[in-house]
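Good morning, and thank you for coming.

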Amino acid sequence: MFARDRARAGELRERYPHAAEVFGLYLALVETWESVGDRVPSDGAVEWAHVHVLPRVIEATAAHGPPLLAAAVRIAVGNGLLAPASRAGPPTAPNGPPGTATGSGGGGLLHAWLAGEELTPIERYLARATLRVVPLATPPAHEAGRCPACGGAPQLSYRTAGDDPLVSGRRMLQCARCAHEWSFSATTCPQCGETGKRTVHAEAATSGGEEPRVGRGIAAGDALFPHLSAESCETCRGYLIDVDLGRDPHAVPHVDELAAVPIDLHMADHGYTKITPNLMGF
């Protein structure tokens, strides 16, 4: 189930030294997810994941995560993240600081994430990494730009490979909550619905800069991310990382997106906000 993820993460860890720690952690998480196999029960899957998957995610993060993330997870555990009263399940009395999953009284970390409650970045990371193996049964949504399967926000967009090298393929969005993929307009902002103020931020070709460009243009031969770009909306200032499978057919969009940290930093410096931070919080 995760063979493509594992192979791609291993390849990108060698290609992008700046993201080596991120992909090292991702590979550890893949091992955790694979260890679960098909043992996730059909009933009470969230509660089961809290007991059987979350501790493994914490262990993998503490052992293989970037130092700051690993330290933050250890602190969260030390503050009672895995205490029985904070486990997923029916709502309980508040037992932690306001604004955190353990203090929300809303049923624990995993249910808090599914309900869209305010979480700390560490809690959000742990919830997403734990629920990666849980089939989610949430009501579909009909709001434009939201996942038609569960109502979650898009994590990224990607272009399918087309026959014409100068024309981008069909645009797809992938859900941050349940990983469902759906077709979406190439010119519409998934966040606010704006259709006329879209900007593509990509590495430009270093030669022929004054020549007219047709279609999606030509990636620089020495580009660090020839298949990655950011597509922003000038109205709401939101953006998503876009993965072009026409330029790299071996890309796995939700894995390759983790390498785009320099693009995320560039976008933040220019006042844009990603519609949804990825699994690692970027």
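Predicted model: local features only at pLDDT ≥ 70, side-chain atom pairs only at ≥ 80, totals over all residues.

How many disulfides does the count come to? The count comes to 0 disulfides, where a disulfide is a pair of cysteine sulfur atoms within 2.5 Å. In general terms, a disulfide is a covalent bond between the sulfur atoms of two cysteines.

Residues are numbered from 1 along each chain as its sequence is written, and side-chain values use heavy atoms, with hydrogens and water left out.

Cys175 is buried, with a relative accessible area of 3%; buried means under 20% relative accessible area, exposed means over 50%, and partly exposed is in between, using a 1.4 Å probe and protein chains only. For Cys236, the closest cysteine sulfur is in Cys189, at 3.6 Å, again too far for a bond. Cys236 is partly exposed, at 27% relative accessible area.

Let us turn to the overall make-up. The protein has 9 helices and 7 strands. These are DSSP runs numbered from the N terminus, helices being H or I of at least four residues and strands E of at least two. Of the 282 residues in the protein, 46% are buried. Among contacts with a separation of 6 or more, 57% are between residues 24 or more positions apart, contact meaning heavy atoms within 4.5 Å.

The largest nonpolar core has 64 residues, and Tyr26, Leu29, Tyr125, Leu126 and Met280 touch the most other members. Helix 2 supplies the largest share of this core, 10 residues. A nonpolar core is a set of buried Ala, Val, Leu, Ile, Met, Phe, Trp, Tyr and Cys residues joined through side-chain atoms within 4.5 Å. Beyond its neighbours within four places in sequence, Leu126 is in contact with Leu54, Val57, Ile58, Val73, Leu81 and Leu109.

Helix 2 also holds Thr32. Thr32 counts as buried, at 8% relative accessibility. Setting aside neighbours within four places in sequence, Thr32 is in contact with Arg56, Val57 and Ala60.

In strand 2 we find Gln174, which is buried at 6% relative accessibility. The C-alpha atoms of Gln174 and Gly152 are separated by 9.5 Å, the two residues being 22 apart along the chain.

I shall finish with a question about the pocket. Which element gives the most to the lining of the largest pocket? Helix 2 does, with 3 residues.
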